[in-house]
Amino acid sequence: MKVTEHINNAKSTVFSFEILPPLKGQNIKALFENIEPLMEFKPPFIDVTYHREEYVYRDKGNGLLEKRTTRKRPGTVGICAAIKNRFDIDTVPHIICGGFSKEETENALIDLDFLGIDSVLVLRGDPIKSENKFVPDPNGHAYAIDLMEQVVDMNNGRYIDEELQSATPTDFCIGVAGYPEKHFEAPSMKSDLKILKQKVERGAEYVVTQMFFDNQKYFEFVKLCRAEGIDVPIIPGLKPITSLKQMTALPRTFYLDLPDALVDELEKCKDNAAAKEVGIEWCIQQSKKLIEFGAPCLHYYSMGKSDPIYRIAEGIF
């Protein structure tokens with residue numbers, strides 16, 4: 001079932017979460033062990049992220065540089081299939097621009113279609129650490145809206161090879177990202193919303209937001225979206241703070257603000273254990289108010305750790 005069908009069929013706010021594929025060389029056992037406890041809360045779907053490989057150039061000592069991969073999380077398509085098989089649950093793979101040619105994207109989407117996976121979240125993706133700005137694949141897409149349109153084309157039976165006769169259309173439900181505090185590269189919120197509206201007009205069926213810690217930012221974002229005619233479900237993305245370091249790392253990495261009240265509580269914490277308790281309680285209160293507001297789904301960024309999400313879901317669902 002598609003994400004939008006799950007939302008439309010639900011009688012109350014839906015619970016979902018996002019997982020990271022294991023690092024290259026690791027097995028899937030730990031991932032299953034993290035998912036297992038959260039199944040108690042009956043999530044109708046699970047998102048599976050895709051992360052580009054990280055690499056560096058190392059001097060070989062002869063004047064030449066060698067490209068070496070330093071970090072890689074492969075297997076998004078396989079993991080989606082494994083989760084679907086193990087837990088009998090829908091999965092939503094992330095499809096990104098970075099590191100993919102158009103043909104590689106098409107092949108991945110064909111595999112997903114064959115597996116019966118019918119929802120995807122389309123994203124540009126972040127620049128890798130060795131690049132100071134996003135650099136697309138030479139034969140790929142530079143923007144999420146262009147990647148999304150490739151998915152829409154396949155839904156309409158249009159593939160890269162224009163000579164294909166009677167090509168079978170796919171039927172993907174397409175999600176895109178939204179930014180309650182504005183995408184950091186957008187010159188203004190108005191321009192950011194303009195792009196989001198174009199995505200919806202061209203086929204996006206739901207929006208998942210960047211994480212935020214001030215619900216008022218989400219409430220205002222939804223209001224602005226509705227005023228622009230963006231009428232698809234807008235799913236809030238949430239993450240509990242679990243360490244003192246995240247108090248500065250999250251704003252720096254994701255270009256967001258922390259509310260003064262949250263910062264005040266975190267500054268009182270003497271260690272990470274105390275900060276984790278503050279973060280979980282804050283997220284529980286956020287979640288309760290978002291449900292009161294009528295959020296269609298609460299989507300949690302697990303960052304590979306299920307315990308904080310379990311404790312939040314236990315207090316909410």
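Two residues are said to be in contact when they have heavy atoms within 4.5 Å of each other. The model is predicted, so local features need a pLDDT of at least 70 and side-chain atom pairs count only at pLDDT 80 or more, while totals for chains, interfaces and linings use all residues. Residues are numbered from 1 along each chain as its sequence is written, and side-chain values use heavy atoms, with hydrogens and water left out.

Lys102, Thr105, Glu106, Leu109 and Ile110 in α4 meet Leu147, Gln150, Val151 and Met154 in α5. Sorted by class, this contact of α4 with α5 has five nonpolar, two polar and two charged residues, where Ala, Val, Leu, Ile, Met, Phe, Trp, Tyr, Cys and Pro count as nonpolar, Asp, Glu, Lys and Arg as charged, and the others, Gly among them, as polar. Helix α4 covers residues 102–114 and helix α5 residues 144–155, and their axes come within 11 Å and cross at roughly 50°. Such axes are lines fitted to C-alpha atoms, for helices over the stretch in contact, and the angles run from 0 to 180 degrees between N-to-C directions. Angles under 35 degrees count as roughly parallel, over 145 as roughly antiparallel, 65 to 115 as roughly perpendicular and the rest as oblique, and α4 and α5 are therefore oblique to each other. Their crossing is right-handed; a crossing is called right-handed if the near helix is turned clockwise from the far one by less than a right angle, and left-handed if anticlockwise.

The crossing of α9 and α10 is right-handed. On the α9 side the contact involves Ala261, Leu262, Glu265 and Leu266, which meet Ala275, Val278 and Trp282 in α10. By class, the contact of α9 with α10 has six nonpolar residues, no polar ones and one charged residue.

The next topic is the aromatic rings. Rings of Phe, Tyr and Trp (its six-membered ring) pair if their centres lie within 6.5 Å, and planes under 30 degrees apart count as stacked, over 60 as edge-to-face and the rest as tilted. A search of the whole structure finds twelve aromatic pairs. One of them joins phenylalanine 32 and phenylalanine 87, edge-to-face, at 5.7 Å centre to centre and with 80° between the planes. Phenylalanine 32 lies in helix α2 (residues 29–38) and phenylalanine 87 in helix α3 (residues 76–87), so the pair ties together parts that are 55 residues apart in sequence. Phenylalanine 32 and phenylalanine 87 are both buried, where buried means under 20% relative accessible area, exposed over 50% and partly exposed in between (1.4 Å probe, protein chains only).

The rings of tyrosine 218 and phenylalanine 293 have centres 5.8 Å apart and planes at 75°, so this pair too is edge-to-face. Tyrosine 218 lies in helix α7 (residues 215–227) and phenylalanine 293 in helix α10, so the pair ties together parts that are 75 residues apart in sequence. Tyrosine 218 is buried, with a relative accessible area of 2%, whereas phenylalanine 293, at 39% relative accessibility, counts as partly exposed. Elsewhere, ring pairs link Phe15, Phe17, Phe41, Tyr300, Tyr310 and Phe317 into a cluster.

Some single residues complete the tour. Lysine 42, in the loop between α2 and β2 (45–48), has a phi near 55°, a positive value in a residue other than glycine, and is exposed, with a relative accessible area of 67%. Aspartate 88, in the loop between α3 and β5 (90–96), likewise has a positive phi near 55° and is exposed, with a relative accessible area of 72%.

Proline 308, by contrast, is found in helix α11 (residues 307–316) and counts as buried at 6% relative accessibility. Leaving aside its neighbours within four places in sequence, proline 308 is in contact with Pro240, Thr242, Lys276 and Ile280.

Terms used
Helix = DSSP H or I, 4+ residues; strand = E, 2+ residues; numbered from the N terminus.
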